[in-house]
There are 4 protein chains.
Amino acid sequence: MTIAERKAREKKRKRNTILEAAEKLFAKEGYHTTTMDNVAEATDFSKGTIYLYFKNKDDLFFTILDERLDTHIRELKERLSKTIDLKETIVELVTEQLTFFEKHHYFFRLTIAEQCKIEKTPGSDLRQHFLKKQMTFLMMIEEALSSRMSAGKQYPFSARSLALCLMGSTHAHMMNWLMSRGQQDLQKSRDEIIQLILNRIEV
Amino acid sequence: MTIAERKAREKKRKRNTILEAAEKLFAKEGYHTTTMDNVAEATDFSKGTIYLYFKNKDDLFFTILDERLDTHIRELKERLSKTIDLKETIVELVTEQLTFFEKHHYFFRLTIAEQCKIEKTPGSDLRQHFLKKQMTFLMMIEEALSSRMSAGKQYPFSARSLALCLMGSTHAHMMNWLMSRGQQDLQKSRDEIIQLILNRIEV
Amino acid sequence: MTIAERKAREKKRKRNTILEAAEKLFAKEGYHTTTMDNVAEATDFSKGTIYLYFKNKDDLFFTILDERLDTHIRELKERLSKTIDLKETIVELVTEQLTFFEKHHYFFRLTIAEQCKIEKTPGSDLRQHFLKKQMTFLMMIEEALSSRMSAGKQYPFSARSLALCLMGSTHAHMMNWLMSRGQQDLQKSRDEIIQLILNRIEV
Amino acid sequence: MTIAERKAREKKRKRNTILEAAEKLFAKEGYHTTTMDNVAEATDFSKGTIYLYFKNKDDLFFTILDERLDTHIRELKERLSKTIDLKETIVELVTEQLTFFEKHHYFFRLTIAEQCKIEKTPGSDLRQHFLKKQMTFLMMIEEALSSRMSAGKQYPFSARSLALCLMGSTHAHMMNWLMSRGQQDLQKSRDEIIQLILNRIEV
DNA sequence: TATGAATGAGCGTTCATTCAT
DNA sequence: TATGAATGAACGCTCATTCAT
């Protein structure tokens with residue numbers, strides 16, 4: 001049915017409009033400061049309409065995080081599947097992170113901010129679900145690195161530590177980039193990170 | 001005036017009581033989820049009294065961040081003042097960061113979370129002030145590293161990039177430590193980070 | 001026009017589908033708790049369609065009450081038309097009430113609940129209309145009783161008071177029946193009410 | 001402490017102001033139609049203030065019902081404690097009901113309306129609590145009657161049925177009184193009900 | 001200085017109603 | 001006739017802030 005298809009596509013399109021507007025707002029202002037009114041205004045829908053597409057504010061919020069993380073995971077997986085040795089893997093990892101976050105820097109901010117809230121209160125199921133997925137993401141990276149670390153060699157650091165340093169370094173550069181309002185060259189950041197990690201610092 | 005001094009000291013003490021209780025709450029629950037009622041309860045002062053010491057919630061919040069960052073800067077400065085070469089500097093930097101954040105992990109969370117909200121809307125002056133101080137902090141580190149980078153050598157990365165990688169790496173390990181609820185060994189994290197940055201990775 | 005007739009009948013049938021589903025919902029959940037969405041779901045019509053048959057929620061609600069009360073009145077009238085003396089009339093009255101309400105206990109709840117809201121604000125015209133019809137119903141019963149009260153005898157109560165006692169007693173038994181979720185014997189209730197009203201209580 | 005006492009009394013007074021205003025509104029308009037704004041307006045408190053005295057709308061609503069029913073029960077108990085034979089008991093019962101409801105006719109409406117909502121959904125704990133208390137009330141009356149029914153005599157009705165008829169009859173007369181906006185004589189209603197129940201209707 | 005009762009703007013959410021298709 | 005997406009007013013409730021005591 002072309003007519004049903006068209007409707008479904010239209011619905012998807014509208015849903016995406018909301019997601020994108022909301023992502024921007026949440027990233028700029030934070031979860032609590034962003035109101036559903038704000039989202040409605042930003043989308044040219046009325047407030048009630050938002051609730052036709054998302055059950056509530058939490059649902060909207062975590063859907064954003066979740067779907068973005070999914071594509072992030074997918075893209076990274078694909079990229080890493082082509083690498084063989086550790087060096088390549090590190091290069092691809094850093095590159096992918098910076099590329100993805102440059103494109104989705106709204107998501108970047110959200111995801112970092114969300115990590116900080118390690119409250120005891122379990123929060124909604126949606127939140128739990130997202131945190132779990134994030135852990136999985138980290139473990140995926142750890143494993144990718146681990147499998148490329150030569151069995152014969154002795155490394156003075158664990159795969160997890162390497163993963164954390166790589167992610168932390170890219171995050172810090174991203175943050176710096178955001179602070180400078182995008183005036184810095186992320187390509188250069190990439191090279192510097194890679195150099196730093198892969199080559200001995202002459203002390 | 002001994003009597004005036006005593007009063008002043010007493011006032012300072014009470015102010016600190018509030019700051020400490022509030023820091024804990026803000027870090028555990030986040031800025032918005034923490035209410036002034038919560039703070040009042042946690043301090044055994046009444047809600048009205050909090051307002052005698054802090055102009056409003058924002059003032060309370062950023063005073064916490066600000067004063068903590070001050071001591072962080074002071075301690076780091078002192079530690080770095082004793083280092084001479086780059087290696088030493090890096091070691092001390094990483095050590096100080098992890099030590100300080102382990103002790104003040106409440107502050108750690110707050111400060112990271114706050115960085116993420118890069119609104120165009122300037123926010124309160126307090127916020128602006130804090131962000132500026134954070135930038136200063138980063139520049140201080142950058143300078144400390146820069147001054148120890150031998151003039152004669154060629155580094156394939158800038159001092160800023162090195163600063164970012166170091167901070168990012170420690171942050172990531174801190175986050176990981178928080179996620180595991182403090183079950184990991186931060187001392188080991190320190191060593192791994194230093195190894196990773198200072199020694200060539202055999203690829 | 002057979003075709004027009006068929007259409008008209010079809011329309012009536014659909015209208016009734018809605019009325020019955022709505023009656024059940026309103027009685028179970030109450031007026032405010034029942035949403036037009038609920039009604040739509042229960043009828044397999046879409047929400048918009050409901051509005052083709054009823055001007056608004058109030059119209060739907062009071063149409064239910066009104067039409068049920070009409071049949072109640074009609075049935076009672078018919079039954080009472082066959083009675084001659086007071087005793088018979090009382091018996092038939094109680095019997096009819098219990099029979100009807102047992103069958104239409106949804107209506108029973110609604111009608112009682114509605115009586116309680118005696119606002120000064122006139123409410124919708126529909127509400128006024130229904131309340132008036134209810135008054136008429138009461139007067140009809142009063143008259144039926146009055147006309148059977150022997151002109152020669154002195155009664156220590158008015159026909160209205162008798163009417164109120166009879167209706168109140170049946171209502172109370174109905175309520176009791178509903179509370180026990182239909183586990184009590186309404187036939188027995190009928191006999192007891194009649195005994196109570198018609199025979200002297202030996203004190 | 002006179003000062004603490006005064007405060008406590010003042011608080012109680014204000015609480016009562018709210019309860020009375022709310023009772024009136026709920027009775028006139030019904031639970032759902034009455035808004036917390038309405039209550040606030042009617043009390044000259046602000047909306048927020050209402051929430052200092054009652055946890056939420058439900059709490060406010062059922063507190064009204066509950067406290068009124070408590071005094072109703074207490075007063076009835078006291079009155080019935082002085083009666084010996086069945087006749088007296090019936091007289092006192094009817095008298096108490098009409099007297100109490102005349103004074104608290106707002107409560108009367110509320111309590112009847114509430115009985116009608118016998119939804120499956122259990123509702124709040126408060127609701128459950130109130131319904132249970134109402135059942136207890138009915139059983140108390142049943143027992144009072146039962147204990148005065150001579151062991152030696154045969155009654156063609158149960159104590160419960162008698163209780164239901166008495167309460168239903170008074171309720172019906174109350175409703176009639178409310179409909180006529182208090183223009184009827186409740187004293188006369190009382191006599192008629194008693195005559196009707198206690199003397200044989202000459203048929 | 002310390003209190004805590006009072007405020008009221010603002011939030012997330014619901015739902016009767018409309019209207020283009 | 002039938003649909004269901006869209007609306008927006010209105011609700012219950014929260015909480016930062018004030019102020020009389």
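The model is predicted, so to speak of local features a pLDDT of at least 70 is needed, side-chain atom pairs count only at pLDDT 80 or more, and totals for chains, interfaces and linings use all residues. Residues are numbered from 1 along each chain as its sequence is written, chains are lettered from A and ligands numbered from 1 in the order in which they are written, and side-chain values use heavy atoms, with hydrogens and water left out.

**Around the DNA**

Let's start with DNA strand E. There are 31 residues around it, and Lys57(A), Lys14(B), Thr49(B), Lys14(D) and Thr49(D) come nearest. Here a residue is near a strand if one of its heavy atoms lies within 4 Å of it. Of the atoms of DNA strand E that come within 4 Å of the protein, 66% belong to sugar and phosphate.

| Residue | Atom on the protein side | Distance to a phosphate oxygen of DNA strand E |
|---|---|---|
| Tyr51(A) | side-chain N or O | 2.8 Å |
| Ser46(B) | backbone N or O | 3.1 Å |
| Thr49(D) | polar side-chain atom | 2.6 Å |

**Where chains D and C meet**

Now for the protein partners. In chain D, 50 residues are in contact (heavy atoms within 4.5 Å) with 48 residues of chain C. About 5000 Å² is buried between the two chains, with carbon and sulfur atoms giving 64% of that area. Buried area is the accessible area (1.4 Å probe) that two parts lose on being put together, summed over both.

Nine residue pairs, both at pLDDT 80 or more, are in polar contact between chain D and chain C. For a polar contact, a pair of N or O atoms lies within 3.5 Å; within protein, one must be able to donate a hydrogen and the other to accept it, and residues adjacent in sequence count only if both atoms are side-chain atoms. On chain D's side, H8(D) gives the largest share, 13 residues. That side divides into 25 nonpolar, 13 polar and twelve charged residues.

How are the two chains related? A rotation of 177° with 0.1 Å of shift along its axis superposes chain D on chain C, with an RMSD of 0.6 Å. That is the relation of a two-fold axis.

Technical notes: Helices (H or I, at least four residues) and strands (E, at least two) are DSSP runs, numbered from the N terminus. Ala, Val, Leu, Ile, Met, Phe, Trp, Tyr, Cys and Pro count as nonpolar, Asp, Glu, Lys and Arg as charged, and the others, Gly among them, as polar. Copies are superposed by least squares on the C-alpha atoms of residues with pLDDT of at least 70 in both.
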